[in-house]
Amino acid sequence: MTVIVNESNISKQLSEFWDLENLGIEAEVSDEENIDNDIMSEFDAGISYQNKRYKVKFPWKPNMKTLLENNKEIARKIFLKLRSRFKNDSSLFEDYKLVVNNYLSEKIVERVPFEEENLKHNIFYLPHRAVIRTDKTTSKLRIVFDASSHAKAQLSLNDCLHTGLNFIPNLFFLLIKFRVNPIAFVADIKMAFLMIEIDESERDFTRFF
């Protein structure tokens, strides 16, 4: 006997099953879900595609953008500690410099124009540190930026932004899909997160030393 399994039929049957199970007890859309939908709609409206890259704007919480204080001095102090590590570890310095230079060549970051270095408003600096993965064959060093950093009694960049929705696929349906066909493919996009550009109007909120 031959059994032919169709993925779309499985998904449809499972959906119908759960619809029957939830008959009469279907939850109404909450105010929180409506707010999430509004946030996503506003975020989607700010997305553009230019020069083979997507460009986005930050999902700011209402009126929070103007409350974010310039944290230049805090970020500078953290960078000076990192620089001290560089003096004691030349290998770390060379690896770090290689990553930053690669960011520049790939146009992932850009230098702040000299005449704009001392701007006071609508500026935020991201402290950063190295995460080293010795198990990696390539890109053993990765630079991690800290958007949660803030001065005492002040807000961080993360405090001022919506966290967004959870887009992680449903594990149950993911496992079902893996059983549909005999071969599964897994892929990884190189530096996927870094390939998304921040809109020019908001790049000063992601400065770093």
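The legends below describe close-up views of a predicted model.

**Figure 1**
The protein chain has five helices and five strands. Read from the N terminus, the elements follow the order α-α-β-β-α-α-β-β-α-β. Of the 209 residues in the chain, 20% are buried.

**Figure 1. An open sheet of three strands.**
The order of the strands in this open sheet is S1-S2-S5, and the pairing is mixed. Strand S1 (48–50) and strand S5 (197–198) are the edge strands, each pairing on one side only. S1 and strand S2 (residues 53–56) run antiparallel and are joined by three bridges. Glutamine 50 is found opposite arginine 53, a residue of S2.

Glutamate 197 and arginine 53 form a salt bridge, with 3.7 Å between the closest N and O atoms. The pair links distant parts of the chain, since glutamate 197 belongs to strand S5 and arginine 53 to strand S2, 144 residues apart. Glutamate 197 and arginine 53 are both buried. These two residues also belong to a network of salt bridges made up of Arg53, Lys55, Glu110, Glu197, Glu200 and Arg203. In total, the structure holds nine salt bridges.

**Figure 2. A salt bridge between glutamate 202 and lysine 65.**
The side chains of glutamate 202 and lysine 65 form a salt bridge with an N to O distance of 3.3 Å. Glutamate 202 lies in the segment after S5 and lysine 65 in the loop between S2 and H3, so that the pair links parts of the chain that are distant, 137 residues apart. Glutamate 202 counts as buried because its relative accessible area is 3%, under the limit of 20%. Lysine 65 has a relative accessibility of 29% and therefore counts as partly exposed.

**Figure 3. A salt bridge between aspartate 204 and arginine 207.**
In the salt bridge of aspartate 204 with arginine 207, the closest N and O atoms are 3.1 Å apart. The relative accessible area of aspartate 204 is 23%, so this residue is partly exposed. Arginine 207 is buried, because its relative accessibility is 5%.

**Figure 4. The largest cavity and its lining.**
The model has one cavity of 30 Å³ or more. The volume of the largest cavity is about 50 Å³. Its lining consists of Ala75, Ile78, Phe79, Leu82, Tyr125, Leu126, Pro127, His128, Arg207, Phe208 and Phe209. Helix H3 (residues 72–88) gives the largest share of this lining, with four residues.

**Figure 5. A nonpolar patch on the surface.**
Five residues form this patch: Leu171, Leu174, Leu175, Phe178 and Val186. Together they have about 520 Å² of accessible area. Phenylalanine 178 is part of helix H5 (residues 171–178). The relative accessibility of phenylalanine 178 is 45%, which means that this residue counts as partly exposed; the exposed class begins over 50%.

**Figure 6. Asparagine 158 and tryptophan 60.**
Asparagine 158 lies in the loop between strand S4 (141–145) and H5. With a relative accessibility of 37%, asparagine 158 counts as partly exposed. Along the chain, asparagine 158 and tryptophan 60 are 98 residues apart, while 9.4 Å separates their C-alpha atoms.

**Figure 7. Two residues with a positive phi.**
Asparagine 63 is not a glycine, yet its phi is positive, at about 65°. This residue, asparagine 63, is found in the loop between S2 and H3. Asparagine 63 counts as exposed because its relative accessibility is 67%. Lysine 107 also has a positive phi without being a glycine, at about 60°. The loop that holds lysine 107 runs between helix H4 (90–105) and strand S3 (128–132). At 65% relative accessibility, lysine 107 is counted as exposed.

Conventions:
Residues numbered from 1 in each chain as written. Predicted model: local features only at pLDDT ≥ 70, side-chain atom pairs only at ≥ 80, totals over all residues. Heavy atoms only, no water. Pairing = 2+ DSSP bridges. Patch = residues over 30% accessible without salt bridge, like charges linked within 9 Å, V, L, I, M, F, W, Y side chains within 5 Å. Areas by Shrake-Rupley, 256 points an atom, 1.4 Å probe, with all protein chains shown as cover. Salt bridge = Lys/Arg side-chain N within 4 Å of Asp/Glu carboxyl O. Buried < 20%, exposed > 50% of the residue type's maximum accessible area, 1.4 Å probe, protein only. 1 Å grid on protein atoms, 1.4 Å probe; cavity = no way out; pocket = protein on both sides within 12 Å on 5 of 7 lines; lining within 4 Å. Points joined across faces, edges and corners; volume = space filled by probe spheres on them.
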